[in-house]
Structures are given as C-alpha cells and as structure tokens.
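Take a look at the fold below.

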Amino acid sequence: MREFQEDKYVFMCTRHGVVKKTDLMAFSRPRRSSGIYAIFLDEGDELISTRMTDGEREILLSTRSGLSIRFHEEGVRATGRTSRGVKGIELVAPDDEVVAMEIVRKGATLLTITQYGYGKRTDFDEYRVQGRGGKGIITIKTSERNGTVAGVLSVEDDDEVILVAKSGK
C-alpha cells in the first residue's frame with residue numbers, strides 16, 4: 001500500500017470460519033523488514049481471504065458444503081494485529097471449511113461453482129442478513145452429481161469468468 005487512510009479496515013477470514021477486522025493504520029509502521037503479524041491462527045487453520053472495507057459493509061462467507069451467511073461488518077469489532085478474531089460462521093460438518101469471503105455489492109450476484117463444474121448465480125438480496133456466527137442458509141445443494149463447492153465469486157453481468165479444470169481444460 002502506498003497510502004494508509006483513517007477509517008479503513010482490513011477484514012480477514014480463515015478456513016475454519018474465523019473473521020477479524022483490524023484498523024488499516026495498525027499496519028502503517030512495520031518494525032521489521034520481514035513484515036509484521038496480522039492475525040493469530042489456530043493450529044491447522046489458514047487465511048483464505050482479505051479485503052479492504054470502510055467499516056459499514058456486509059460480508060458473505062461461503063462453505064464447501066454449500067452454506068453461506070451474510071452479516072453486517074459492524075458485528076465484528078476492530079481488534080489489534082495479534083488477536084485471533086471471532087466466529088463468522090458455524091461449520092456444521094467436521095470436514096467443512098470456508099471457501100470464500102465476498103463483500104456484498106449493489107448490482108452484483110454470487111457465482112457458486114461446484115467441484116464437478118456445476119454453477120449457480122444468486123442475487124445477494126436472496127441472502128437475509130443474519131448475526132455473525134450462525135450456520136447460514138443453503139446456496140447450492142451439494143450431492144454426488146454436483147460435488148462440493150469449489151469456489152465462490154462476486155460477479156456482475158458484464159464480467160467474464162474462466163474456469164480451469166485440474167486436467168487443464
């Protein structure tokens with residue numbers, strides 16, 4: 001970043017559904033040339049997404065099992081760089097994980113793609129706003145035919161998307 005602004009936040013999400021919001025100014029003075037800590041991660045967890053926000057947005061988290069939750073960013077208080085964060089979504093299956101975090105945008109839709117190439121676009125308005133930490137609602141049915149959710153992306157009508165299979169097709 002070239003310029004650090006007041007009233008801007010870094011919003012983070014991990015695979016285990018932990019979310020964290022930190023004031024952008026907390027990153028403005030790194031003490032080491034090797035970087036500074038941004039989030040404390042639990043054993044086996046990893047950071048999957050980071051977005052810049054203004055503190056007044058709505059966040060949508062999506063899981064591998066096809067569930068998504070939409071909540072106000074204000075439900076997550078800003079914390080320091082070394083804190084862990086709070087629960088953004090309750091993962092219901094033992095092998096479930098968060099695959100994507102998106103900022104809700106006017107005029108955009110949510111594109112969900114499954115492991116076997118099936119896709120679905122859903123208006124953000126179809127997701128009711130909940131409190132963070134809930135189980136969410138079904139975005140797409142996962143089954144033997146569809147497979148699990150491979151990716152989720154916020155798109156608009158004029159966007160172009162390229163999907164690549166593991167085989168390179």
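Setting aside residues up to four places away in sequence, V76 touches F11, V19, K20, K21, F71, V86 and R132. Keep in mind that this is a predicted model. V76 sits in the loop between β5 and β6 (86–87). Is V76 buried or exposed? It counts as buried, because its relative accessibility is 2%, and buried means under 20%. V76 and G88 are 12 residues apart along the chain, and their C-alpha atoms are separated by 8.6 Å.

Now turn to the largest nonpolar core. It has 13 residues, and F11, V19, I59, L61 and F71 touch the most other members. Four strands each supply at least two of its residues: β1 (9–14), β4 (58–63), β5 (67–72) and β7 (98–103). The largest share, three residues, comes from β7.

Follow L61 next. Leaving aside neighbours within four places in sequence, L61 is in contact with residues including C13, V19, L67, F71, A100 and M101. A second, separate core has 11 residues, among them V99, A100, V104 and F124.

Finally, look for open space. The largest pocket has a volume of about 200 Å³. Its lining includes I113, T114, A150, G151 and K166. β8 (109–114) and β12 (149–155) each supply at least two lining residues. That lining divides into five nonpolar, four polar and one charged.

The second largest pocket has a volume of about 160 Å³. Among the residues that line it are R70, V104, R105, K106, D123, F124 and D125. Here the lining divides into three nonpolar, one polar and five charged residues.

How values were computed: Residues numbered from 1 in each chain as written. Predicted model: local features only at pLDDT ≥ 70, side-chain atom pairs only at ≥ 80, totals over all residues. Heavy atoms only, no water. Core = buried A, V, L, I, M, F, W, Y, C linked by side-chain atoms within 4.5 Å. Buried < 20%, exposed > 50% of the residue type's maximum accessible area, 1.4 Å probe, protein only. Contact = heavy atoms within 4.5 Å. 1 Å grid on protein atoms, 1.4 Å probe; cavity = no way out; pocket = protein on both sides within 12 Å on 5 of 7 lines; lining within 4 Å. Points joined across faces, edges and corners; volume = space filled by probe spheres on them. Nonpolar A, V, L, I, M, F, W, Y, C, P; charged D, E, K, R; others polar.
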